[in-house]
Amino acid sequence: MQIDREEFLRYLGWKGQETDESFQKKLDGAAQKALDLSSPRSVVRKFRLTEDFSLFGTQFVLEGKDIRTHLAGCKEVFLMAATIGAAPEKELLRLTRSNTFEALLFDTACSCAVESYCDDICEDLQKNCPTALTERFSCGYGDFPLQAQQEICRILRTDTQLGLCCDESFLLTPRKSVTALVGITARPAPEKTHACKQKCASCKQKCASCKKADCAFRK
Amino acid sequence: MDFKTFLQNNIVVFDGAFGTLLQQKIQSVPTIPERLNLENPAAIEEIHREYAEAGADVITANTFGANEGKVGDRAESEKLVRAAVRLAKKAAPTKFVALDIGPTGRLLEPMGTMSFAEAYDIFAHMVEAGSDADLILIETMSDLQELRAALLAAKEHSNLPVVCSMTFEENGRTFTGCDPVCYALTASPLADAVGVNCSLGPDKLLPVVEIILAHTAKPVIVQANAGMPDAEMRYSIDSDRFAETYEKFLKMGVRIVGGCCGTTPAYIKKIRALADSHTVVPTHFRPLAAVCSANRAVFLDDVHIIGERINPTGKKAMKQALLSEDYAYVQKQAIEQQEAGASILDVNAGLPELDEKTVLPRLIREVQAVSDLPIQIDSSSPAAIEAALRACCGKAIVNSVNGEDKSLHAILPLVKKYGAAVVGLTVDEHGVPKSAKERIKIAEKIIRTAETYGIAQEDIFIDCLTLTVSAEQAQAAETLSAIREIKARFHVKAVLGVSNISFGLPNRQIINSAFLTAALFAGLDLPILNPNIPENIQTVFAFRALSGQDKNCAAYTERFAAAAPSAPSPSAPNPNAKPEEDIFFAIRKGLPDADKICAALLERFAPLEVIDRFLIPALNEVGNDYEKGILFLPQLIAAAESAKGCFAKIKKKLPAGNAERGKIVLATVKGDVHDIGKNIAKTVLENYGYTVIDLGKNVPPETIAMTCRKENIRLCGLSALMTTTVPAMEETIRLLRTECPDCRVMVGGAVLSEEYAKKIGADWYCKDANADVKIAQFVFEQGEPVPTLQTK
């Protein structure tokens, strides 16, 4: 898990503005604190994907065109949940009351941290998989409903395994957490993995496959 | 024989994993496995029978996730629970049957959206539905507050014995950061047995179990996993290795043993054999004076400061904050006191205008959201104290009882029930005694009465009272001698509010420091004071060094070695330049010392002039550059933060309300806990001189509408992050339209667009924090018109 400087700035809405040394120090400080307070944890389970897009052995059906397009041709999927834990969340509550600037940097650094952690998980999965994996696809992407988040949390028992809950609005708490599906394709595994930080073509696709064209964070 | 009696004389064996066996028996397990209680009762009974045959004394009914929170429906939950208990009793008629209660699956406030009351309600219902069981097992908890809700529900809705266990990680804490000491201190008074389950393999739980054993007088339970599973759900520890560690547990004094994930009847058979070949071993527990929150225990074998700032008495700003429900102010006070060196926070809501029994618990929740210090509940009303004790996570101090029978018999039962510590004031119906001897007599009465309620001396803190030295000079010596005597005669701690001593005298801090030093040497353990006054902290640190509590003066050295003023940062403005120019640079760069430049300006210009000529133009410049993309968001916020320091300086020079440009309510709507966007808007608006009433996150529509109506609000800002919470925003706007037709509404949040905002009936959509300012200027100060969405 790491916090990539460019990614951090991009999440903060950076478009090439000039920053001075003291600002950069603050970025580093927030990034370091996010890493220090994180206790990353995850669960991953492999499922057979049935023809009607449900996970075999469960009663969970994947709703929506977009997830089905994303997983087209996959016979199996990984269902994953990951979190960087409660300590960053607590620090965020505290910073919110003491300093909005620090809260903003820390909040963003934590978002980078959990994404990077998910990249690490996927990289590991890819290493142990002879065929290519798809990008992560999460609830709320395209027309894959947020509501599915609850089902995912229950199947993976994230409350007792990770301390990760899904609330009545289908949002994850602690907030700096991710649930996702990763498809196992029949294509040969790529030579380079996705965690190479924007250097290979498949990483750029992360944004390209998203339909939110007006997104401020689009690469 | 009932379970409690059985537990007194025996090592008790619980059963093992349920889910693990279920997966072996059934191909497709429903998301709520408890549905099988109705759909496939034979399979459930079979598992119970296997564990009974393996030798378990207690069979756990299949109700772990059958609560309303997970099942989604109350009646359904009840059906599943009743069926489960029935099945367990039928399958194992000679065994004890435990109602199994797991977490609700939702996170409690402040990290999540579920309130303590909601959680309590869910558990209470489950407890009632499971009333046919022989005992209640609350397990796999990771949030101490959720566990408290379950324990209180169990205690208040049944007479069954209650066993509880939490799940710990390799770092020795639960997922939410609760440590075993805090857990043992908080849960023991509410349970008949405490311990651990799930988590890791048994060997990794040894250190956690050791800590729990040392901090509870109650029997301890261990139900470990059979190690960690691999991707194919195979567990790493076999039954022989499992039993090896369990033998160690029994030798340490563990009294209840069983298995969790990955264990099978084979494992239970082995620990049955162990239990039969071992006798009950006493533990090393001895009572200690300690208080705690969920994450931090404070052992009172050393001097600790109780911060006194969260108390409206004689504090204008705090009083105003409490009356206007400005909990952000209170939270700031909590953070400041903790940073200054307080170990415990006193919390008081005693204002005649306030309903103490609603405000005090709210205050405690808000303080605990931002600080992990233990709480001292400061009230004399039993109703308010009980409400506060329910809300407070951890082992609190109740401040206070006095020597009057009425006070003792109303408050001590509460102290006992919730397992708190208590401050005993040495006054009674005859007032403050003038001699040390009389005060000791009252202290003794308090201690003896507390003992009849089962409250140990370690949990009693005696306050020998500080009187004003300018009025009653001889009393200072009486107080000190009372402290010395009480510490010599009893195992109690001494607590004392110090600053009253100097009332009416000039340069009060001189007297305060001297008296504090004397009291500490007399044996004072817990001074109640303002930690933001450096001399107070200095005195305490010096005492700890002189008395030897601070070994090798390490804490003193660490704190004061680097106390020299730091060199100015290289990006600081040129000291020769004029403050009129520097202020623009300092705010633009977000420098923390902008307030010093502001102070220089205040020497030359009137406060309002400083705002209008310097601060607002400087902020406007930053705002414009942000809009043009010359600066980006963190730079805008850094500028706002440094301007905030300037406004704080200016406000001190202005009569109250003079700089007020308009009052705005901000809230993140019901169901949403993402509030960074709202907080950014707040920071920026405050820096333009607007008063922001920040209602926080997850705020119900009714609260927002009520506040807007009560405060006569003309502009309200709502924030929501996700599609699933926008309906709550729409509902809030609808309610605002009927309740406060004159209030305009601006909305913002990741998922919103101008179109969407229009659809849900908002007046304005704010694409960023700067947009809020333009709208506020238009609404309050005839600024440039901003067309509303509904007219567009």
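This is a predicted model: local features need pLDDT of at least 70, side-chain atom pairs count only at pLDDT 80 or more; totals for chains, interfaces and linings use all residues.
The residues that make the contact are Glu580(B), Ile583(B), Phe584(B), Ile587(B) and Arg588(B) on the α23(B) side, with Phe614(B), Ala618(B), Leu619(B), Glu621(B) and Val622(B) on the α25(B) side. Sorted by class, the residues of this contact of α23(B) with α25(B) come out as 7 nonpolar and 3 charged, with no polar ones. As for the geometry, α23 spans residues 579-589 of chain B and α25 spans residues 607-627 of chain B, and their axes come within 9 Å, crossing at roughly 40 degrees.

Zooming out, chain B is split into four stretches by the domain assignment: domain 1 (3-277), domain 2 (290-560), domain 3 (579-644) and domain 4 (663-781). Taken over C-alpha atoms, the centres of domain 1 and domain 2 of chain B are 38 Å apart. Where these two meet, domain 1 of chain B puts in 17 residues and domain 2 of chain B puts in 15 residues. On the domain 1 side, the elements giving two or more residues are α8 (144-157) and α9 (180-187) of chain B. That side of domain 1 has 10 nonpolar, 4 polar and 3 charged residues.

Now for the barrel. Chain B has a closed barrel of 8 strands, running β11-β12-β13-β14-β15-β16-β17-β18 with parallel pairing. On average, and ignoring direction, neighbouring strands of this sheet are turned by 30 degrees against each other. One of the pairs joins β12 (residues 344-348) to β13 (residues 375-378) of chain B, in the parallel sense and over 4 bridges; here Leu345(B) sits opposite Ile375(B) in β13(B). Helix α17 (residues 405-418) of chain B packs on the sheet and touches β14 (397-402) and β15 (421-425) of chain B, with its direction making about 160 degrees with that of β14(B).

A second sheet in chain B is an open one. Its 5 strands line up as β20-β19-β21-β22-β23, again with parallel pairing. At the edges stand β20 (691-694) and β23 (764-765) of chain B, each with a single partner strand, so one side of each has no neighbour in the sheet. Helix α28 (residues 701-710) of chain B packs on this sheet, touching β19 (663-668), β20 and β21 of chain B, and its direction makes about 175 degrees with that of β19(B). Within the sheet, β21 (residues 715-719) and β22 (residues 744-748) of chain B run parallel and are joined by 5 bridges. Cys716(B) faces Val745(B) in β22(B).

Strands β2 (residues 76-83) and β6 (residues 177-188) of chain A run antiparallel, with 8 bridges between them, and Leu79(A) has Leu181(A) as its bridge partner in β6(A). Strand β3 (residues 131-133) of chain A also pairs with β6(A) in the antiparallel sense, over 2 bridges; Thr131(A) stands opposite Pro188(A) there.

Finally, the two chains touch each other through 52 residues of chain B and 46 residues of chain A. On the chain B side, the elements giving two or more residues are α14 (327-340), α15 (356-370), α26 (633-653) and α27 (676-687). The largest share, 5 residues, comes from α26(B). This side of chain B divides into 23 nonpolar, 24 polar and 5 charged residues.

Terms used: Residues are numbered from 1 along each chain as its sequence is written. Chains are lettered from A and ligands numbered from 1 in the order in which they are written. Axes are lines fitted to C-alpha atoms, for helices over the stretch in contact, and angles run from 0 to 180 degrees between N-to-C directions. Two residues are in contact if their C-beta atoms, placed from the backbone, lie within 7 Å. Ala, Val, Leu, Ile, Met, Phe, Trp, Tyr, Cys and Pro count as nonpolar, Asp, Glu, Lys and Arg as charged, and the others, Gly among them, as polar. Two strands pair if DSSP finds at least two bridges between them. Domain bounds come from an automatic or database domain assignment.
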